Amino acid sequence: MSARWTERLTADGSSTLAHADHGETFHSMSGAWTQARERYARECRLRERALELAPSGTRALRLLDVGTGLGFNLAAALEALADTGVALEATSLERDRDLLVHARAAPREPADLERWHAPVRLALGSALASHGAESVPLANGRLRLRLGDARASLAGLPEGLLFDAVFLDPFSPRVEPELWSRDFLAAVARRMAPGSRLSTYSAATEVRAGLLAAGLRVGRGARVGEKREGTLASPDLELPSLDPRVLRRLGARVGASGGEPRFGAQAGDPRGSIP
Ligand SMILES: C[S@@+](CC[C@H](N)C(=O)[O-])C[C@H]1O[C@@H](n2cnc3c(N)ncnc32)[C@H](O)[C@@H]1O
């Protein structure tokens with residue numbers, strides 16, 4: 001084990017790492033694999049989206065994975081698309097090369113994580129060895145790994161590349177504020193295709209305000225493990241409504257900075273206005 005990370009067993013039997021610099025874990029201690037599946041793959045409705053896309057002849061679902069980390073979220077995405085006939089075309093952004101080398105080293109428990117994590121490790125290994133290849137095979141799809149600061153990596157992606165789903169999974173705003181900044185959230189929003197969803201574990205008012213200010217609809221993400229709620233965002237989809245008190249706080253925050261709030265619509269919840 002590198003001194004930079006310490007292995008931690010989480011409540012669902014999967015292990016994560018704690019970062020030596022700031023102590024934060026890469027995943028929720030109530031279940032790393034559960035978080036990947038439920039917070040990211042399920043909340044972005046990857047499987048449902050793939051089944052919607054398949055009849056139109058679309059053969060790939062485009063995922064933007066912010067913070068590759070151990071690659072658990074990529075593994076959950078592979079699992080979600082299994083047998084849909086739609087392959088994963090993932091673009092994953094990570095600045096810590098050593099971490100990826102470390103992440104590739106060991107098989108992972110439990111077995112259902114390992115089944116989907118093994119192809120992710122293989123793809124990460126190919127990407128690290130490829131010296132700048134545009135993308136490498138990932139199961140029956142592709143992985144485009146961009147090493148470096150995600151802000152620059154995102155800006156350097158091919159023009160017109162839009163994503164069907166976004167996993168927004170940096171460390172917390174306290175330790176890594178740059179990937180929660182309004183500028184970065186706006187850049188992510190510009191990369192979201194019609195019908196796409198973004199999911200993040202953060203329920204911070206400032207993060208939600210940033211997503212709203214970027215012109216996205218914002219809604220409540222589901223409870224996952226001990227985390228009572230996360231955040232969803234989409235350019236155009238209806239999302240579970242936020243609590244009215246949260247909406248008032250957000251309206252004040254976004255209004256103060258001149259944005260036009262667009263909340264996740266629900267019956268009786270007029271979009272774009274504060275109840
Ligand atoms: C919470 S972990 C991600 C866990 C990961 N999604 C997984 O499934 O294992 C956050 C990751 O974001 C990366 N990160 C943080 N700031 C970054 C930045 N500015 N650019 C690129 N990656 C960054 C960290 O190195 C770390 O690997």
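Helices (H or I, at least four residues) and strands (E, at least two) are DSSP runs, numbered from the N terminus. By that rule, Asp 83 lies in the loop between α3 (72–81) and β4 (87–94). Asp 83 is not a glycine, yet its phi is positive, about 65°. The peptide bond from Glu 109 to Pro 110 is cis, with omega near 0°. Most residues other than glycine have a negative phi, and most peptide bonds are trans.

The model is predicted: local features need pLDDT of at least 70, side-chain atom pairs count only at pLDDT 80 or more, and totals for chains, interfaces and linings use all residues. Residues are numbered from 1 along each chain as its sequence is written, and side-chain values use heavy atoms, with hydrogens and water left out.

The protein chain has nine helices and ten strands. Its C-alpha atoms fill a box of roughly 50 × 45 × 35 Å, taken along the principal axes.

| Residue | Protein atom | Ligand atom | Distance |
|---|---|---|---|
| His 27 | polar side-chain atom | oxygen | 2.8 Å |
| Arg 95 | polar backbone atom | nitrogen | 3.2 Å |
| Glu 176 | N or O atom in the side chain | nitrogen | 3.3 Å |

Taken alone, the ligand exposes 600 Å², and the protein buries 98% of that; accessible areas come from the Shrake-Rupley method with a 1.4 Å probe.

Methods:
Polar contact = N/O pair within 3.5 Å; in protein donor to acceptor, adjacent residues only side chain to side chain.
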